[in-house]
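Hi,

Here is the structure I promised to pass on to you. Have a look at it first, and then read my notes below.

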Amino acid sequence: MTERHDVVVIGAGNAGLACARRLAAGGHDVLVIEAADRVGGRSMSGRFGRLWYNLGTQYIGGIGTPAEALAKEAGVELSPIYENCIALYAGGRLVTAESGVGFLARLPLPLLDKVSLVRTELGLEKERRLGAKLTGSARADRRATLDDMRFADLLKDARPAVRDVYRNLLLMMTGGEPERTSAFLGLLFTAGIGTPHGENHPPSETLLAVSGGTAALPIAVAAQLGARVRTGTPATSVRPGPSGIEIGTLAGVLQARACVVAVPAHDAVRIAPDLPEPVRAALATVEYGPFVSAILHLRCQGRGPWEKLFHVGAVGLRFQAFNNLTYFQPGAHDEAVFLAFAAGDLARNLMATSDEDIAAAAAEDLARIFPQSAGALMGQAVQRWPHGLPFWKPGTDAARRLFRDLPGPIFLAGDYTDYPNIQGAIRSGQRAADAVSASLRN
Ligand SMILES: Cc1cc2nc3c(=O)[nH]c(=O)nc-3n(C[C@H](O)[C@H](O)[C@H](O)COP(=O)(O)OP(=O)(O)OC[C@H]3O[C@@H](n4cnc5c(N)ncnc54)[C@H](O)[C@@H]3O)c2cc1C
């Protein structure tokens, strides 16, 4: 007998699970099928004994956001990350971000570059404020203009060293290079680099770390859904059938009144051949920036010089960013866990090398920043993300609307339909759940 549900959700990343949770809360009979043998997708965590680490998602968006609400509902413990625990390594020096102006002034850049950095930042800030002030059609028009432009266009007057600073930041935040990313997304995701706000940072913008690792959130949501989540079950096809939607799996066909495809765009286009042609064409254009993550487990003697730092951005090394994950795990004075991140071309270069070489490169880079870490490596973990983040290419706003406004019975969810982060993923899943509920009522 064919198994039948109200709704089948394909993919147990944050988008699919947030969607299923909302549908289940609304009384729908929902089943989530996940290809991998774990839930969480790009939220992936691990442990070295008592210390946890994140290989994918590092933190979730701030207080008052859908991610925080979902974490609370799932009973997951969160801790805030304040911007004063951020530093930049450039020109052989580590500069901490204790105060905005001081931060820019102390960067190891020649005077002309510093002036260019301040001017660029002021120019971007002016553009952001203008966007925030506009309303109605003027706001939509400005967004459309910025959507058509490349972020690189906004940096055209900056000196090369300054463009490099923004390139690094944009790659880390969106996975895209300034030449290939829309100016609108670039403006949103590079906001305020020169103005760290310390503990007075508006609470809604404070970022949150998940105790135990960011995968604890999807794992907790999946636990609440219980048997309604089935791992190790890849969907091979999603097609309309005589009595609803038919979802092909290796174990047989599932039938549903509606289906939410919450997998990355390149998987969605492969398994859902009957989506309207403009939607399939738009899906095929979604591009993801690559990432490589290396976790370094270090032996320490006492508190390290990194104790009060969470994040170090780096210029001129093989990795662009380092997160000290021991920041959230006080009491671990004889060991530390760092994540090293590379994106864009740096990630492409590393991707082809062995895990050992990737970890060795990360350990060497870290020792340039913190010489005390040299020779202290006890363990390592490496993850390649060929499809890390779906950056917005110029002129793609309309496609995202297309993904969001589907009439059903096949719906799409996932970060590529919204912002390329956890907020976007969760919001997209909840939006799809609302659309499914409305369609099932009709
Ligand atoms: C290295 C890295 C660091 C990041 N850091 C942050 C951060 O600090 N903060 C932040 O907000 N965001 C961050 N992100 C982005 C964030 O991880 C993603 O935006 C979010 O996890 C995407 O969720 P999703 O559910 O849309 O997709 P995914 O997490 O990719 O989930 C899709 C799921 O679908 C499954 N699937 C695919 N095909 C099939 C199939 N045929 N059948 C069944 N299942 C299938 C996959 O196995 C996967 O589990 C980071 C991403 C990366 C790669």
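Let's start with G176: leaving aside neighbours within four places in sequence, G176 is in contact with L170, T181, G289 and F391 (contact means that the C-beta atoms of two residues, placed from the backbone, lie within 7 Å). G176 and G289 are 113 residues apart along the chain, yet their C-alpha atoms are separated by 5.6 Å. G176 counts as buried because it has 28 C-beta neighbours inside 10 Å; the cut-off for buried is 20 or more other C-beta atoms within 10 Å of the residue's own, placed from the backbone.

A word on the source: this is a predicted model, where local features need pLDDT of at least 70, side-chain atom pairs count only at pLDDT 80 or more, and totals for chains, interfaces and linings use all residues. Residues are numbered from 1 along each chain as its sequence is written.

Now the domains. The assignment, which is automatic or from a database, gives domain 1 (3-43 + 215-287 + 393-441), domain 2 (45-82 + 289-389) and domain 3 (99-195).

Finally, the ligand: the shell around it has 20 nonpolar, 14 polar and four charged residues. Domain 1 and domain 2 each give at least three residues to this shell.

Enjoy exploring!

Definitions and conventions:
A residue is buried if 20 or more other C-beta atoms lie within 10 Å of its own, exposed if 12 or fewer, and partly exposed in between; C-beta atoms are placed from the backbone. Ala, Val, Leu, Ile, Met, Phe, Trp, Tyr, Cys and Pro count as nonpolar, Asp, Glu, Lys and Arg as charged, and the others, Gly among them, as polar.
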